[in-house]
Amino acid sequence: MRLKDEHPELFRQLHRTRNAGVDLDSTTASSHEMLWWRCPVGHEWRETPLQRRSHATWKQGDLHACLYCVAPGCLVYSCGHRRFRRSESTFRVLAHPCDKCESTEHAQLILDALDDSTAAAVRILDESPHYALFCGKAAETVEWWDEIFPLVEAYFVRMVSVYAAIATVEHRPTLSEPISSLLGACMLRILDALPQDCREEMHSAVLEDAGHFHDRYLPGRHHHEIAWALKKLGFDIVDTPLQDDIERRVQFCEQQRFSATGDLPPVNLAGRHYPAFIHLPRDRERGSLSELQGFRPKQLPPRITAVRVRLDESSPAETGDPLGRTHVGYSPDLTPQELWERGRGVWKFRADHVAASTIVLMVHDKTVVLVASITGLTLHRGGLAILGEPLTDHPLIGKPDPLHTPNPLAYGVINF
């Protein structure tokens with residue numbers, strides 16, 4: 001239910017200017033969107049509608065209580081989150097976000113710098129005799145090494161890139177963790193993915209001061225909150241699919257040993273010579289970038305800001321229609337262009353909502369019947385008409401209304 005209908009008194013406390021771009025009339029009482037509020041005294045703070053209508057202890061039974069007025073011993077961060085301290089009697093508003101939000105912002109900067117740090121990670125591997133020794137030992141020990149090597153190197157590049165990105169974001173001259181410890185941790189992780197009979201011999205090539213990758217934090221002196229934030233953004237510190245990926249490649253190679261008739265191929269791949277690591281003829285940086293795509297952080301769903309209009313059944317337009325229409329509303333026999341002309345105006349939308357949107361949805365019977373681009377607007381009799389073109393192949397056409405509100409007009413963000 002809308003906050004406006006369920007809690008009208010709280011709805012009147014929503015800040016009208018600081019919530020620009022938000023369709024407050026359509027905001028639900030259970031919304032998790034962080035909004036600005038203003039109490040009758042003039043205090044301003046951020047909180048979600050769900051938090052605002054809760055019967056928290058600090059409200060002392062008054063649902064409309066202001067956080068500033070009746071909640072002593074409270075820290076309010078710039079992100080809107082708060083922390084109560086019963087031992088204190090002061091109310092403080094801080095200029096910085098809480099630890100979790102700050103870590104998430106920090107982690108996002110690290111992920112943004114990840115692509116640019118790939119070249120630096122390859123240079124670190126190039127200059128490391130320990131990495132060359134490990135790969136050379138693997139070439140002598142592990143069957144199909146040249147087949148799985150691109151995947152292995154991509155893993156090394158991926159993890160070293162994280163530390164190179166951290167150093168860039170934190171303006172460090174060098175990696176915060178010793179290179180030997182970091183590479184050793186990667187080596188141990190690779191060993192876990194190799195066949196059992198290879199591990200004992202390969203252990204001699206692993207560095208003595210090898211670190212360890214854990215589920216919740218990075219090896220070294222990094223606070224576990226950074227790893228938590230990276231995982232929250234879709235970047236797993238421990239690559240659980242790594243072993244499966246290597247096994248699938250090896251199985252594929254094994255299947256190539258025999259021809260369709262079950263005979264050994266002309267060249268016995270079991271006795272094939274594997275070249276040393278330093279002689280592998282490949283563009284290592286380009287190869288690492290290519291293989292690294294399989295380890296990309298998951299992409300957050302695209303977010304599109306849209307306005308939505310609900311169309312009734314087809315009916316005659318009012319006399320003197322500003323757009324020169326004879327009929328308005330939906331009819332199944334209309335072409336996309338005809339439907340667009342019938343539904344693009346005239347509406348009581350806020351101009352800033354239309355300007356902030358990229359598409360307009362036309363909905364009939366709770367189903368999207370047309371999606372159009374927005375290129376501008378024109379004003380008519382206190383309302384406005386939207387300028388744009390129908391997008392006939394848009395994936396939302398035929399889908400349920402993503403901005404399902406009881407209002408005929410809506411404005412919001414759609415996650416695909």
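# Briefing on a predicted chain and its helical core

Among contacts in the chain between residues at least 6 apart in sequence, 58% join residues at least 24 apart. The model is a predicted one. It contains 15 helices and 13 strands, and 47% of the 416 residues of the chain count as buried.

**Surface**

- The accessible surface of the chain comes to about 22,100 Å². Carbon and sulfur atoms account for 52% of that surface.

**The largest nonpolar core**

- The largest nonpolar core holds 60 residues. Phe-134, Trp-145 and Phe-156 touch the most other members of this core.
- The elements that give two or more residues to this core are the helices α5 (99-112), α6 (118-126), α7 (129-141), α8 (145-169), α9 (179-193), α10 (196-202), α11 (224-232) and α12 (241-255).
- The greatest contribution to this core comes from α8, which gives 17 residues.
- Once its neighbours within four places in sequence are set aside, Phe-156 is in contact with Leu-125, Tyr-131, Phe-134, Leu-183, Cys-186, Met-187 and Ile-190.

**A second core**

- A second, separate core is made up of 20 residues. Its members include Trp-340, Phe-349, Val-354 and Met-362.

**The buried side of α6**

- In α6, the buried residues are Thr-118, Ala-121, Val-122, Ile-124 and Leu-125.
- These residues lie on the same side of α6 because they cover an arc of only 155 degrees around the axis.
- An α-helix has 3.6 residues a turn, so residues three or four places apart point the same way.

**The crossing of α5 and α8**

- Two packed helices are described by the angle between their axes and the distance between the axes.
- The axes of α5 and α8 come within 8 Å of each other and cross at roughly 115 degrees. This crossing of α5 and α8 is right-handed.
- On the α5 side, His-106, Leu-109 and Ile-110 take part in the meeting of the two helices. They meet Val-162, Ala-165, Ile-166 and Val-169 in α8.

**Ile-179 in α9**

- Ile-179 is found in helix α9. Is Ile-179 buried, partly exposed or exposed? Ile-179 counts as partly exposed because its relative accessibility is 37%, and this class lies between the limits of 20% and 50%.
- In sequence, Ile-179 and Ala-210 are 31 residues apart. In space, the distance between Ile-179 and Ala-210 is 9.4 Å, C-alpha to C-alpha.

How values were computed:
Residues are numbered from 1 along each chain as its sequence is written. This is a predicted model: local features need pLDDT of at least 70, side-chain atom pairs count only at pLDDT 80 or more; totals for chains, interfaces and linings use all residues. Side-chain values use heavy atoms; hydrogens and water are left out. Helices (H or I, at least four residues) and strands (E, at least two) are DSSP runs, numbered from the N terminus. Buried means under 20% relative accessible area, exposed over 50%, partly exposed in between (1.4 Å probe, protein chains only). Contact means heavy atoms within 4.5 Å. Accessible areas come from the Shrake-Rupley method with a 1.4 Å probe; for residues, only the protein chains shown count as cover. A nonpolar core is a set of buried Ala, Val, Leu, Ile, Met, Phe, Trp, Tyr and Cys residues joined through side-chain atoms within 4.5 Å. The arc is that of the directions from the helix axis to the C-beta atoms. Axes are lines fitted to C-alpha atoms, for helices over the stretch in contact, and angles run from 0 to 180 degrees between N-to-C directions. A crossing is left-handed if the near helix is turned anticlockwise from the far one by less than a right angle, and right-handed if clockwise.
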